[in-house]
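Trainee: I would like to learn how to read a few features of a protein model, taking them one at a time. Could we begin once the model is in view?

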Amino acid sequence: MHEHAQPLTVAPVQKLQGELAVPGDKSISHRSIMLGSLAQGITRISNFLRGEDNFSTMKAFRSMGVPIEDDGQTVTVHGVGLHGLKEPGDLLDCGNSGTTIRLMTGLLSGQSFFSVLTGDQYLRKRPMKRVVEPLARMGAQIAGRGGGTLAPLAITGASLSGIDYKSPIASAQVKSALMLAGLYAAGETKVTEPSLSRDHSERMFRFFGADLDAFSNGVAVRGGRELKGQEIVVPGDISSAAFFLVAALIVPGSELLIRNVGVNPTRTGVIDILKAMGGDITLQDQREVSGEPVADLLVRSSRLKGIEIGGDLVPRAIDEFPAICVAAAVAEGTTTIKDAKELRVKETDRIAAMASNLRTVGAGQIDETDDGMIIQGVESLSGGTVTSCGDHRIAMSLSVAALVCKNEVQIDDVSCVATSFPGFYELLAKVAVR
Ligand code: S3P
């Protein structure tokens, strides 16, 4: 729990109605600061996500000598070039952000200076071996707790060589860490995944002029080529939109238009899953912005039914499972989630967290499995006192569940919501009819 826990009581609503826009994409916002910092010249970012995770990334680059201004509209990054970063004077605190620490581990491995990455109590429990081990094969010198598997991680910059890495997991953080290290490595750095994870790094590397080839299940980066600063418009985060998609689907009589949502095919698993459950979701006005597909999403409440979810769909919806669990809890029949073991090592163990919290608010039978869960849907939920486990997506998912509970839901701490979705409760209040 955060130092200053923020408990919140969420009451049921009659319906959700209206239009909204969700904040910028978290993954793309991180990458825009990173590549903007490493590029030559100025990068201007609009619709940047002003969440705590992204501020951690911003702060880290500022402390390595990158001038970054934010006037509240546009973030302006004065790129220092591939070899322009300076040794930070203190620890780089990544807060709660897995993307910050894992991508920075790759990037810092190839610098000519020493740095230490750390984070909050949750991040310091998350597995880092997945990046440390392949980076060490490239020549990186990384020490850390637990034999180099846990933060804090201490990195002594070293000269790197490209490798051909077959990743055992579909992880954009692992892939991107190696791609960033690859910018500094001799030769080619190739990463192949069991199934393609989000490809925002590939798209943005290309946008900034990096030398790379993207494949159907991976990428190859060649180092040395300077990047050029760009204008970036960050699309709305589909992971944030997901809470409103589920909310509108499960609260009867609802209709929402969510404008300007990123619909990169490596991220739209949640739309495919909710549609397969019977959800009425339409993509309108599809367009491309800064190399990323964008659309407006129209969603109308629907009678949902349980389905089986597994395989390649899982990495395409990885952050949306807490919200999908809520949809499954009130769907007709059984929903089976498998191949989702990664959920156990997110900001919290999201399988355990959703199973126990949904039971608390009166869900039907829920069985946890090693790599997923089996959820029997029920007509309605009751309410109760639940815990966010300090995880932003658990907090927001339980808030969505609360909208269809008979009674109120008390959440122990929603301060974590600010890591990815500042303004979530204000937006919810704006479209809620009570
Ligand atoms: C992210 C990758 C995913 C995702 C996380 C953001 C990224 O993590 O869950 O929220 O920006 O690269 P994994 O790489 O661990 O799957």
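**Salt bridges, helices and strands**

Mentor: Let us start with a pair of side chains, those of Arg 225 and Asp 211, which meet in a salt bridge with N and O 3.9 Å apart; the term stands for a side-chain nitrogen of Lys or Arg within 4 Å of a carboxyl oxygen of Asp or Glu. The pair links distant parts of the chain, since Arg 225 is in the loop between β13 and β14 (231-233) and Asp 211 is in strand β12 (residues 211-215), 14 residues apart. Helices (H or I, at least four residues) and strands (E, at least two) are DSSP runs, numbered from the N terminus.

Trainee: Which conventions should I keep in mind for the residue numbers and the values?

Mentor: This is a predicted model, in which local features need pLDDT of at least 70 and side-chain atom pairs count only at pLDDT 80 or more, while totals for chains, interfaces and linings use all residues. Residues are numbered from 1 along each chain as its sequence is written, and side-chain values use heavy atoms, with hydrogens and water left out.

Trainee: How many salt bridges does a search of the whole structure find?

Mentor: As a general idea, side chains of opposite charge can pair when their charged atoms come close. Here the search finds 32 salt bridges. One of them joins Glu 255 to Arg 300, with the closest N and O atoms 3.2 Å apart. Glu 255 lies in strand β15 (residues 255-262) and Arg 300 in strand β17 (residues 292-300), so this pair ties together parts that are 45 residues apart in sequence.

Trainee: Which residue does UniProt list for "active site"?

Mentor: The unreviewed UniProt entry lists Asp 319; positions are given in the numbering used here, feature names are shortened, and annotations may be inferred rather than shown by experiment. In the model, Asp 319 lies in the loop between β18 and α10 and is buried, with a relative accessible area of 11%. Its contacts (heavy atoms within 4.5 Å), not counting residues up to four places away in sequence, are Arg 198, Ser 239, Lys 346, Arg 350 and Arg 393. With Arg 350, Asp 319 forms a salt bridge of 3.9 Å, N to O, and both residues belong to a network of salt bridges that also links Arg 126, Arg 198, Glu 347, Asp 391 and Arg 393.

Trainee: How many residues of helix α3 are buried?

Mentor: In α3, 12 of the 12 residues are buried, so the helix is largely enclosed by the rest of the structure.

Trainee: In which sense do strands β10 and β11 pair?

Mentor: Two strands pair if DSSP finds at least two bridges between them. Strands β10 (residues 164-166) and β11 (residues 188-192) pair in the parallel sense over three bridges, and Lys 166 stands opposite Thr 192. By contrast, β11 and β13 (residues 218-222) run antiparallel and are joined by five bridges, with Val 191 opposite Val 219.

Methods: Buried means under 20% relative accessible area, exposed over 50%, partly exposed in between (1.4 Å probe, protein chains only).
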